[in-house]
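Colleague: Let's go through the helix packing here. I want each label tied to its cut-off.

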Amino acid sequence: MTAEILEPRRRPTQERSHKKFDHLLEVSRELLLEVGFESFTCEEVAHRAGLPIGTLYQFFQNKYVIVCELDRVDAVAVRQELEQFASEIPSLDWLKFLDRLIDHVAALWTGDPSRRAVWHAVQSTPATRATAAVTERELASQVAYVLGPLTPGTPRERRTIMAEVIIHVVYSMLNFSIRDGQSHEEAVVELKRLLAAYLLSSDNTA
């Protein structure tokens with residue numbers, strides 16, 4: 001049985017509704033970081049946002065839909081970094097570009113600790129995990145495109161699998177890098193080594 005993919009009940013089309021939608025997400029992010037997912041409730045989000053609970057339910061069926069939408073929002077900045085990276089390859093210095101890409105994406109995690117809270121929240125149920133997997137696959141499709149000129153001897157099907165592995169590993173490692181007691185810098189260095197070795201060896205094992 002396929003898990004349900006969680007989407008907002010409706011997305012705003014007018015500026016006033018956009019502001020309410022974005023405000024609810026902003027308050028949700030703050031609340032999630034403050035209290036954790038177990039104590040996170042739609043009622044408290046609406047209260048802190050200063051909006052009727054009915055307004056929240058116009059957009060979001062429950063808290064699981066909210067965290068999945070936050071996960072999509074978090075993916076936007078990663079997608080932008082990937083687009084920038086793609087515009088600068090192929091290049092003989094692609095390893096330097098890779099280092100820079102990872103540094104930029106890692107900065108998103110250190111600059112916004114709520115990303116880790118969102119990532120953990122979407123691991124909570126089969127439906128949220130399935131929805132997060134869709135978001136990851138969308139990012140992976142960009143990575144697969146980037147991998148084309150970097151791994152010309154690798155079949156397209158394998159590049160697709162590689163891209164999904166890369167996205168999942170990057171997300172896991174970056175969330176690992178900012179947990180309590182962990183050295184973020186050391187974890188990022190290891191992530192760079194892991195990805196560089198993986199990509200450099202890819203054509204040899206195609």
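Colleague: What covers the buried residues of helix 2?

Modeller: The cover includes helix 1 (15-35), helix 3 (53-59) and helix 4 (63-86). Contact means heavy atoms within 4.5 Å. Helices are DSSP runs (H or I, at least four residues), numbered from the N terminus. Keep in mind that this is a predicted model: local features need pLDDT of at least 70, side-chain atom pairs count only at pLDDT 80 or more, and totals for chains, interfaces and linings use all residues. Residues are numbered from 1 along each chain as its sequence is written, and side-chain values use heavy atoms, with hydrogens and water left out.

Colleague: Which residues of helix 2 are called buried?

Modeller: Cys 42, Val 45, Ala 46 and Ala 49. Buried means under 20% relative accessible area, exposed over 50% (1.4 Å probe, protein chains only). Glu 43 and His 47 are exposed, on the face turned away from the buried side.

Colleague: Why do you say the buried residues of helix 2 line one face?

Modeller: Down the helix 2 axis they fall within an arc of 95°, so they share one face. The arc is taken over directions from the helix axis to the C-beta atoms.

Colleague: Why are helix 6 and helix 8 called oblique?

Modeller: Their axes, lines fitted to C-alpha atoms over the stretch in contact, cross at roughly 125°. Angles (0 to 180 degrees, between N-to-C directions) count as roughly parallel under 35 degrees, roughly antiparallel over 145, roughly perpendicular from 65 to 115, and oblique otherwise. Helix 6 and helix 8 are therefore oblique.

Colleague: Which residues meet there?

Modeller: Arg 115, Arg 116 and Trp 119 of helix 6 meet Tyr 171, Ser 172 and Asn 175 of helix 8.

Technical notes:
Helices (H or I, at least four residues) and strands (E, at least two) are DSSP runs, numbered from the N terminus.
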